[in-house]
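Welcome, and please open the structure in your viewer. We will go from stop to stop, selecting a few residues each time.

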Amino acid sequence: MKINLLSLSCILFLTQLSSAKRDPFPACHGSFKRRPEICSQFNFITNSEAVQGSCMETKNGTTFYDLSELPEIAQVDPQTVKMASLITNVFEESSTSFAYAQCSDIGDSRGYTSGYVGFTTGTGDAEILIDQYAKIKPGNALSKYLDRLHEISQLPTCDRPNRGKTNGLEGYVEAWKQEACSPDQSFAHLQRQWVYENYMIPSNRYAAQNGVNSALGRAIFYDTIIQHGFQYTEPDINIVRLLALTGGRKENETEQAFLTRFLTVRRQLQCCYPDNVWPASATRSEDLQNLVDNFDYNKDLIHQIRLKNFQVNITGKEDLDLIDPRFFYSIMTCSHIQNAPLNLPTAYTQVHKEECTQCFDDQDGPNGIDVCLTCFNGGCVSEERHHALTHHQLSGHPLAVNIRRITVNQNKRSDDGIPPQKISKLAIDPSAEEPLYEFQKKLRCYACDGQEASIESTPEIKAAVDAVLSALSSAKQSEVKAWEEVITPCEHTLCLSQEAPKKLEQQDLAHCAGCDLKENLWLCLVCGKLGCGRRQYDGSGGNNHAIEHFQQTGHAVSVKMGTITPEGTADIYCYSCDDSRLDHDLATHLANWGINVSDQLKTEKSMTELTLEQNLKFDFSMTTEDGKQLEPKFGPSYTGLKNLGNSCYMASVLQSIFNIESFQNRYNTQLKDHAKTCTNEPANCWHCQLHKLADGILSGRYSQPKTNDDNVQYQDGIAPRMFKDLVGKGHEEFSTMRQQDAFEFFQYLCKTIRQKEHSSNNDPTKLFDFMVEQRLQCGKCKKVRYQKHETSSISVNVPARKLKEGDDEGPSTYEPVNFYECLDTFVSEEPVEGYDCPNCREKTTAYRSNKFSTFPEILVINPRRFAFINWVPQKLPVTITFPEGLIQLDKYVGTGQQPGEELLPEESKPNTGGVTFNQSDIDQLMAMGFSENRCKRALMNTGHNGAEVAMNWMFEHMEDPDIDDPLPTDDNQAGNNPSDEQTAMLQDMGFTAAQARKALRETGNDTERALDWLFSHPDDNGQDEPSTSAQEAGDSTPPFNYQLDSFVSHKGTSVHCGHYVSHVYKHNEWILFNDNKVAVTPNPPVGEAYLYFLRRQK
């Protein structure tokens, strides 16, 4: 007797940074949710009660009930036997192939559970079966365990803990599998015969006693007796108890109605049982009830049936002799076990044990993950994809350990009356937060067609498997690395000089010395004065008393109270450096004020934790205006992306671009078989990870409906950790877990894809590209210059017209702005003061404007709603009124040189690498306190699009290490020719030597900037004269009409905090992608978007 584990839908709790998890008890919601008024009727016996209470004596050497008073049943018709056996086998093994060879300890206090119905060493039926088998086949591999099995059977029947032990049964698992897979199949046939006599016949007798005569009803009783048993030693869960609670069949009650009552009680018992195994198995009762609901069709079990929760169809034509191939066992020892190259992972080794590197199947799924014992690649064992087998075929690595994780304890409050540890802010008992898991492990040799062998085969194998299990997974390694902040000591913490020691009394540490605030308090380590933290832009936080103390005294180093741990760590801030710092002598410095770190308890959140918490507060409503829940969506193209901790900026952009056919075709369709031939490490292969992402989003496999405790449907979605780790590798910002700007990420992603697709001619980002025409006219001579440059997006200013000034009752409000008015600002003329006109040969005022020369297939627009208030960038709540129907952009097309216009003569290149700066822009920026060098760098990096755009760039790149480096000039370029190594590096990426040298010359021999130059000049052949064969990006054929395809929205005060979501138009309705929450939204907030994706209509 056993409970199905292979079909459990379990998953780990993610780290406290993640908000999504799979539902382990999908059938225990609504009327079947655990409630005292329902669960009290069962009065379950706990292990401690069973041991301490009186134990029953066995009767006539058996623990089964006496059946003498039940109706006699000579035999059961073969069709009922077959269908009943198949139904229960699906529940037990998620397959119509019989697991005669399955054997493991599933953690249910019954010892080893074996065979296709679960003969257990702890309940005696395994002993009876093996004893009979020894008479049929003397000297079999299991015979030697009979003495130990007999010892277990002599224990008190209610002593579940000791009956569940497996000591003394070493090698039992391998012996069982060896006999079950023997060529004569005698052990498999005996299992089926024994089950027929001891379970099938008794279950039919119980059915007959209760007036159940249909094949479906008898199959339900058979499944109940298999799972619950009819042993009087387990009176709280057996079939007799269930029938007593159900009551007999009533007069004039239909069999369908009786079976419904019976299954209701059974499902309630399963959901109420105080562990995590039985509630997970309630899905079998739910599936049986689905069959009963259509009783007239299913009652004879002559038609095909579907067990919905297990996603298995039963036709009745299945072969009962077929042994489940998952449990085949080779009697011969695999030669690769002795000779395979085994490695032990180090602290720096990436061990992909949580998830397949090629798809999002994971260790919590029904088949687990195969981890290569040579290189630690993780591969799924899906029959459709089977990336573990593909890995073996490409690498030749033979051995893998299959790891399947099962949640065995969600750490709910126990029944022993002991309350959980009191939570004191962040001093949280870790055991109360983390679930407990059981790991099922199997050794598999792919060189021997995937046959299984014992993990105990050799000490080396066992050591390798143990090392894999104990190693930090690659996902956790990336997460830890991304969250780590590089904090170092400074001269002020290293040379801290403190005033005379004194003991600070409790009242000195109760509140800020300058006000009554009791939280966010900072202790000056120099003099011991306590001050509150900085006032935040929204008025929250502190009253600035700590920083005012620094300004008055020069005491630079403070520690945040409440963040001090017994290990001597805390938030340290140096006001002189204006940055977080380390204090290696913190314990000593605190002791100066009578504070013992060993007595401290972390009660406040660190600055990193507060930043994350603030971002999580910004969320988008999942309800309609009338309070109804948005309709969730599931299936292909409706897969959500879990928030990995400040990763919503990435998820929202990915949902938008993977709604575009070019991305779907390139990374889903074209790369479908890429994994079969790719010899790169999958976790570090761009094409592998982009296909994995596309398949995960579009396939629908990971977007299946589940129901939570509030009876609300949801999906697990996918966690794109590998992709985030890969796309951010080496990037100062995107490699971290800090919130980022979604528009910047879109630009960076496009740039990176262009680099990776340079040699493939399959770059899907080309559909974003178009040409902008810039017109410059001297205000004095009226001569003009036209220039074109390629881009993939535009930023437009959103005019801000204030309607009401902010006050205590609410923030400022602004007048809505028409979408076309925003585009008008993009094409409007702006003055260029101090223009050095090459025709007038004097400084004049010129006028500059931009228009579209060509249009892209997808136009990406970033409306800028930010203003600098008191030197702080703040988001303005200006709504954009979007046009209904087609968006017509023909009026924004550039016309080029017009009749009568005279062109300005060519300018001589100044000593700044050929770059012309608008002096008016430089003057505006320098007036704000920025250096001239920094102003010019900002203008260069923003395409000379004005002072405001450059100012935004400077605020976002304040920490760039090269922000104050000298700009490239003609002089220093001439004396610093590109090195052979730099040229060779670019040639290795597919560019010619001439192209590489020219790119380096144009960018002051900066390799990274040269690479950007090359990708922005794809048709430049490297010669001094530009190529005449260059084809302009985009299309110039009118009309230029667009429709909104998707948009990314943002809530928060800054693009670097808050929360991003994506709204995507699919199948004539708007879909909200809010991390892994996906739903239809009737009124999408189009006017609040931060990023628009417009699709051209031809």
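Here is a short tour of a predicted model, with a sheet, a loop and some aromatic rings as its stops.

Now zoom in on strand 18 (residues 770-778), which pairs with strand 19 over eight bridges. Pick Gln 774 and look across to its bridge partner in strand 19, Gln 787.

**Stop two: a loop.** Next, select Ser 281, in the loop between helix 11 (255-272) and helix 12 (282-293). Is Ser 281 buried or exposed? Its relative accessibility is 2%, so Ser 281 counts as buried.

**Stop three: aromatic rings.** The whole structure holds 39 aromatic pairs. Select Tyr 273 and Trp 278: their ring centres are 5.5 Å apart and the planes lie at 35°, so this pair is tilted. Tyr 273 is buried at 10% relative accessible area, and Trp 278 is buried at 2%. Then select Phe 663 and Phe 768, a tilted pair with centres 5.9 Å apart and planes at 40°. Phe 663 belongs to helix 24 (residues 661-669), and Phe 768 sits 105 residues away in the loop between helix 27 (742-756) and strand 18.

**Last stop: a charge over a ring.** Select Arg 267, which lies over the face of Phe 32 at 3.8 Å from the ring centre.

Key. Residues are numbered from 1 along each chain as its sequence is written. This is a predicted model: local features need pLDDT of at least 70, side-chain atom pairs count only at pLDDT 80 or more; totals for chains, interfaces and linings use all residues. Side-chain values use heavy atoms; hydrogens and water are left out. Two strands pair if DSSP finds at least two bridges between them. Helices (H or I, at least four residues) and strands (E, at least two) are DSSP runs, numbered from the N terminus. Buried means under 20% relative accessible area, exposed over 50%, partly exposed in between (1.4 Å probe, protein chains only). Rings of Phe, Tyr and Trp (its six-membered ring) pair if their centres lie within 6.5 Å; planes under 30 degrees apart count as stacked, over 60 as edge-to-face and the rest as tilted. A charge sits over a ring if NZ of Lys or CZ of Arg is within 6 Å of the ring centre and within 35 degrees of the ring normal.
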